Amino acid sequence: QAQLVESGGGLVQAGGSLRLSCEASRSIFSSNVMGWFRQAQGKQRELVALVTTADRTTYADSVKGRFTISRDNAKNTVYLQMNLLKPDDTAVYYCAATPTGSSWSRGSWGQGTQVTVSS
């Protein structure tokens, strides 16, 4: 049974918006830092944004001011609102969860959702 399920990817023109959703099992969501990563073709996976259980957020410099991460505790869901999208944002986006202070590599990962931004 999948513990993290992403949705909301798709094709959008540059300047447009998309909202990604990641629904987690309650046991994962309530006690973990939640994050969004992305991996473009031929590049390493990179952290896009994270939100702690205390709602503290961190963003990659490349998305600051354009992307917003949030968590809905009632729905066990984390969102990534992406505005002013650029072709460079094209990637597979992954949701991840890890206990505070633990490495992401030891956490839980979703299957990924494709985001494609056309110029």
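Two strands pair if DSSP finds at least two bridges between them. The legends below apply that to a predicted model.

**View 1. Four strands make an open sheet.** The order is β1-β3-β8-β7, and the pairing is antiparallel. β1 (4–7) and β7 (67–72) stand at the edges. Each has a single partner strand, so one side of each is left without a neighbour in the sheet. Neighbouring strands are turned by 15 degrees against each other on average, direction ignored. Strands of a sheet pair through backbone hydrogen bonds, either parallel or antiparallel.

**View 2. Strand β3 meets strand β8.** β3 covers residues 18–24, and β8 covers residues 77–82. They pair in the antiparallel sense over 6 bridges. Where does Glu 23 find its bridge partner? The partner is Thr 77, in β8.

**View 3. Strand β7 joins β8 and shows two faces.** The two strands run antiparallel, with 6 bridges between them. Ile 69 has Leu 80 of β8 as its bridge partner. In a regular strand the side chains alternate between the two faces of the sheet. Along β7, Phe 67, Ile 69 and Arg 71 point to one face and are buried.

**View 4. Asn 76 sits in the loop between β7 and β8.** This hairpin has 4 residues between its strands. Asn 76 takes a positive phi near 50 degrees. Is Asn 76 buried or exposed? Its relative accessibility is 11%, so Asn 76 counts as buried, because buried means under 20%. Leaving aside residues up to four places away in sequence, Asn 76 touches Cys 22, Glu 23, Ala 24, Arg 26 and Phe 29. One of these, Glu 23, is the bridge partner of Thr 77.

**View 5. Asp 55 has a positive phi in a loop.** Most residues other than glycine have a negative phi. Phi of Asp 55, however, is near 70 degrees. The loop runs between β5 (46–51) and β6 (57–59). Asp 55 is partly exposed, with a relative accessible area of 47%.

**View 6. Leu 84 lies in the loop between β8 and β9.** β9 spans 91–99. Leu 84 is not a glycine, yet its phi is positive, at about 50 degrees. What is the relative accessibility of Leu 84? The value is 51%, so Leu 84 counts as exposed, because exposed means over 50%.

Note on methods:
Residues numbered from 1 in each chain as written. Predicted model: local features only at pLDDT ≥ 70, side-chain atom pairs only at ≥ 80, totals over all residues. Heavy atoms only, no water. Axes fitted to C-alpha atoms, helices over the stretch in contact; angles between N-to-C directions. Buried < 20%, exposed > 50% of the residue type's maximum accessible area, 1.4 Å probe, protein only. Contact = heavy atoms within 4.5 Å.
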